[in-house]
Amino acid sequence: VCGAESLVKDIYHYREINGATMDPMAAYLILRGMKTLRLRVEKQQENAMKVAQFLEMHEKVEHVYYPGLTTHTNHDIAKKQMKGFGGMLSFALKGELEAVRQFLPKLEYAHRAANLGAVETTVGPARTTSHVENTPEERAALGIPEGLVRYSAGIEDIDDLLHDLKQALDEIKL
C-alpha cells in the first residue's frame, strides 16, 4: 500500500484487526470463480450488445447508451480501447418516470437492484440507485433523464431476456 501516511495507518490498523488474509471459504470462492470469469464476461457482453440493439429499435425507448452501438457518441474510441463493450448499458424510456414505474414491475427475469455486478441480469433506475442523492435538477444538468434505466446483462438465455424486455415495454401506456 502506498499513499498518504494517514491512509496507510488506517489500512494497517484494519489489517491488524481483521488479519492479513481472507478466510479459506472466500479464497476458495474467488479461485473457483476466476476459472469461469472469461466465459461469464463474454456471455454478458454478447447479451448486452443484443439487448442494446433490441432496445435501440423499440418505439418506447428514447435513447440507448452502450459503447458497442455504432450510434454511441464514443463508439470509435471504445472500439480502439476495448476488447469488448461490457455488460452494462442504460436506456431512457419515453414517458420518463411514469414509464419507468410501469416498466420495472413487469420484468420477470431482470432483478431490481442497486448493485449491478451479478451473474444474473439486474436493473435499476438511476434516480433511485446511482444518482439518488442528486435532485432532479442536478440529474438534468448531468444529462441523466428521469426515465433512465441502468441494465446489467447477465448470462441468462438471450431469448428470455429479450422476451422479458419486450413484454415489459409493451405494458407501458404513454
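Biologist: Is glycine 87 buried or exposed?
Modeller: Glycine 87 counts as buried, at 17% relative accessibility. Buried means under 20% relative accessible area, exposed over 50%, and partly exposed in between, with a 1.4 Å probe and protein chains only. This is a predicted model, in which local features need pLDDT of at least 70, side-chain atom pairs count only at pLDDT 80 or more, and totals for chains, interfaces and linings use all residues. Residues are numbered from 1 along each chain as its sequence is written, and side-chain values use heavy atoms, with hydrogens and water left out.

Biologist: Where does glycine 87 lie?
Modeller: Glycine 87 is in the loop between α3 (75-81) and β2. Helices (H or I, at least four residues) and strands (E, at least two) are DSSP runs, numbered from the N terminus.

Biologist: And which residues is glycine 87 in contact with, leaving aside neighbours within four places in sequence?
Modeller: They are Gln44, Gln45, Ala48, Tyr151, Ser152 and Ala153, where contact means heavy atoms within 4.5 Å. The C-alpha atom of alanine 48 is separated from that of glycine 87 by 5.1 Å, although the two residues are 39 apart along the chain.

Biologist: Turning to α6, which of its residues are buried?
Modeller: Ile158, Leu161, Asp164, Leu165, Gln167, Ala168 and Leu169 are the buried residues of α6. They pack against α2 (24-56), β1 (61-65), β2 (88-93), α4 (96-103) and β5 (148-152).

Biologist: How many residues does α6 have?
Modeller: Helix α6 has 13 residues, 158-170. From first C-alpha to last it reaches 18 Å, close to the 18 Å expected at 1.5 Å a residue; the expected span is 1.5 Å times one less than the number of residues.

Biologist: What reaches the backbone nitrogen of aspartate 159 at the start of α6?
Modeller: A side-chain oxygen of aspartate 157 comes to within 2.9 Å of that nitrogen.

Biologist: What about leucine 37: where is it found?
Modeller: Leucine 37 belongs to helix α2. Its relative accessible area is 36%, so leucine 37 is partly exposed.

Biologist: How many helices and strands does the protein have overall?
Modeller: There are six helices and five strands, following the pattern α-α-β-α-β-α-β-β-α-β-α along the sequence. Of the 174 residues, 36% count as buried. Among contacts between residues at least 6 apart in sequence, 67% join residues at least 24 apart. The C-alpha trace spans about 55 × 40 × 35 Å along its principal axes.

Key. A polar contact is a pair of N or O atoms within 3.5 Å; within protein, one must be able to donate a hydrogen and the other to accept it, and residues adjacent in sequence count only if both atoms are side-chain atoms.
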